[in-house]
Amino acid sequence: MCGIIAYTGRDEAAPILLKGLKSLEYRGYDSAGIAVLNAEPHVSITKTPGRVEELERKVASENITGTSGIGHTRWATHGIVNEANAHPHTSCGSELVLVHNGIVENYLELRAELLDAGHKFTSETDSEIIVHLIESHMKDGASLEDATRRAAKRIRGAAAIVVATAGDPGRIVGLRLGNAGGIVVGIGKTGMVMASDLLAVLPHTRTVAYLDSGEMAIITPDTASFHDLDGGVIEKATIESDRSAEAAERGSFRHFMLKEIHEQAESTASAMRGRVDFENETVSLPDFPFSEEEIRRLDQVIIVGMGTSFHSAMMGAYMIEELVGIPARAENASEFRYRSPVLDENTLVVAVTQSGETADTLAAMEAARDGGAKQIAVCETEGSQATRMADGSLLIRAGQEIGVASTKTMTNTIVVLHLLALHLGRIRGSLGDETVADAVRELAALPGKVGDLLAAESTYEAIARRLATKRHLLYLGRGVMFPAALEGALKMKEIAYIHAEGYAAGEMKHGAIALISDLMPTIALAPAGPLREKMVSNVNEVKARGGEVIAVATEGDTMLPAVADEVIYLPPASVQMSAILSLVPMQLLAYYTALQLELDPDKPRNLAKTVTVE
Ligand code: F6R
């Protein structure tokens, strides 16, 4: 959700904050704002509804100077999208400025208390409560950091907060409470930075530290110190990030989403590096944290995630059940966290989260830990909360994803879950050497096949022109293709705003078939495999009711071209690889449909890339 940035150092703060906000904008783009502090003492606050670009124009028309400041890009929770509700928020005396990510759950109660004490509010946000709370503690004589700590003890809910005061412009305080998104502190040579995301820190420095829940950072131009909620000093190790800031550049691509779709040939290869031995045709996961003995003792695998990551979890569960032969199921993390799942030390919980910061997934991980399960995170972001909570992590190595709709991170996640299935199956003896070798040959061919699909882009563009005229779509799949159908529908909903239903093809007859007409085309995922004939029957059922069908079939299929209106071809591959490959045309169909409808696929309305609230 919201993106936060702070800088204090020797350079002018405004351009640094704006650049940081641009790289954080994928986290929220309802409004944006910065506050710049200088030694006069003076605070300049500029904010606007809409994009960072708009903020940049506004800032350019003002004469802002100062070498410290904070900034925010908002994904609205409390209060409509307008300038008053944009961050930074200020105290009554305007000397305190604050940006916030998260939700203050007891904000009504605190607001009433602060109003009674004479505080004046200028926004409808829950965030503004925090700056007034800090102000009231400072009036009692507390320092900025003590007042922030005291305020933190009053608010309920997860939060990431950054606050500064005109009275001490070179000193900025950041605090993390629970799982509302992280704060990364960057230790630079000419200044210190804090941000929600590593990407905004990398232009300044690769030396970083991550705040854990209940930790505070205090930065000045030359120092960064870390403290707990009682004021005790924490010795925090810094790490040298090997990430590049280039991910924040679009290059020659029209959108980040298109760039990221095109990166999949390379990124899938990256997920396999050091894990697949192509010469000896075997798979092993050196970063998997449990011993062979522990693997043999596992009696169930539960994969949790949200949204696209939940669809990856579903595909992973199919693969593990099939290849490892133990009970495996996917659970929506927001449901799992409130159930009473039966877990023990022989349960492996796999948390799928590209950001590593999704609130519901982190809560599911807490539930798994409390239940005594073993757990790993399958994650893009090293150092994120999920990687720190898990017993170990399998990094997906897709590279930072900026487009709000997940593409390459899903593909890489499934490659990694497939490797996990092969690793577990090999160790438990459910897979023989020859089966693993076949799978390795399939994996070796995957990046090339992804490249072939990308080369057929004009086919998807032509079909998208037709889909863009419809308001309803049905996506059908069976087995491991069912989550692919769900994902195809989700992509279409997210970026083209077309109502799209993903359905298990066998379920269609039990209700959804009533919707079939020439107004609702069906995308039928029917590549070669044991369930293809069943899918052909479903396609016939749709056709018999006047529905238009776009089939996704394997090259060489002779039946589907005879019944479907259009066919998208996948290269010949195993069912598991076909499920991964089918994602590429699904992504491009949604992308080109959004373009036809003149929508911005990188910034779909109402969405945020990292969902740090429940
Ligand atoms: C959809 C999408 C979301 C995320 C979901 C979980 O395109 O990106 O549905 O998959 O918010 O995010 P992570 O993987 O960061 O936990």
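Let's start at the ligand, which has 14 residues around it; Ser-309, Thr-353, Ser-355, Thr-358 and Ser-406 come nearest. Here, a residue counts as near if one of its heavy atoms lies within 4 Å of the molecule. Keep in mind that this is a predicted model, where local features need pLDDT of at least 70, side-chain atom pairs count only at pLDDT 80 or more, and totals for chains, interfaces and linings use all residues. Residues are numbered from 1 along each chain as its sequence is written, and side-chain values use heavy atoms, with hydrogens and water left out.

What is the shell around the ligand made of? It divides into 4 nonpolar, 8 polar and 2 charged residues. In this scheme Ala, Val, Leu, Ile, Met, Phe, Trp, Tyr, Cys and Pro are nonpolar, Asp, Glu, Lys and Arg are charged, and the others, Gly among them, are polar. Helix H10 (308-324) and helix H17 (481-496) each supply at least two residues of that shell; helices are DSSP runs of H or I with at least four residues, strands are runs of E with at least two, and both are numbered from the N terminus.

Now for the polar contacts, meaning pairs of N or O atoms within 3.5 Å. A polar side-chain atom of Thr-358 sits 2.5 Å from an oxygen atom of the ligand. For Gln-354, a backbone N or O atom is 2.7 Å from a ligand oxygen, and a side-chain N or O atom of Lys-491 is 3.0 Å from one. On its own the ligand has 410 Å² of accessible area, and the protein covers 93% of that (Shrake-Rupley method, 1.4 Å probe).

A cavity is a set of points, on a 1 Å grid over the protein atoms alone, where a 1.4 Å probe fits but cannot get out, and its lining residues have an atom within 4 Å of a point. Volume is the space filled by probe spheres set on the points, which are joined across faces, edges and corners.

The largest cavity holds about 200 Å³. Its lining has 22 residues, and Arg-27, Asp-197, Ser-355, Glu-357 and Thr-381 are closest to its centre. Why does this cavity lie between domain 1 (3-248) and domain 2 (256-454)? Because both domains give residues to its lining; the domain bounds come from an automatic or database assignment.

The second largest cavity has about 70 Å³. Among its 13 lining residues, Arg-74, Thr-77, His-87, Asp-126 and Ser-127 are closest to the centre. Strand S6 (residues 96-102) gives the largest share of this lining, 3 residues.

Terms used
1 Å grid on protein atoms, 1.4 Å probe; cavity = no way out; pocket = protein on both sides within 12 Å on 5 of 7 lines; lining within 4 Å. Polar contact = N/O pair within 3.5 Å; in protein donor to acceptor, adjacent residues only side chain to side chain.
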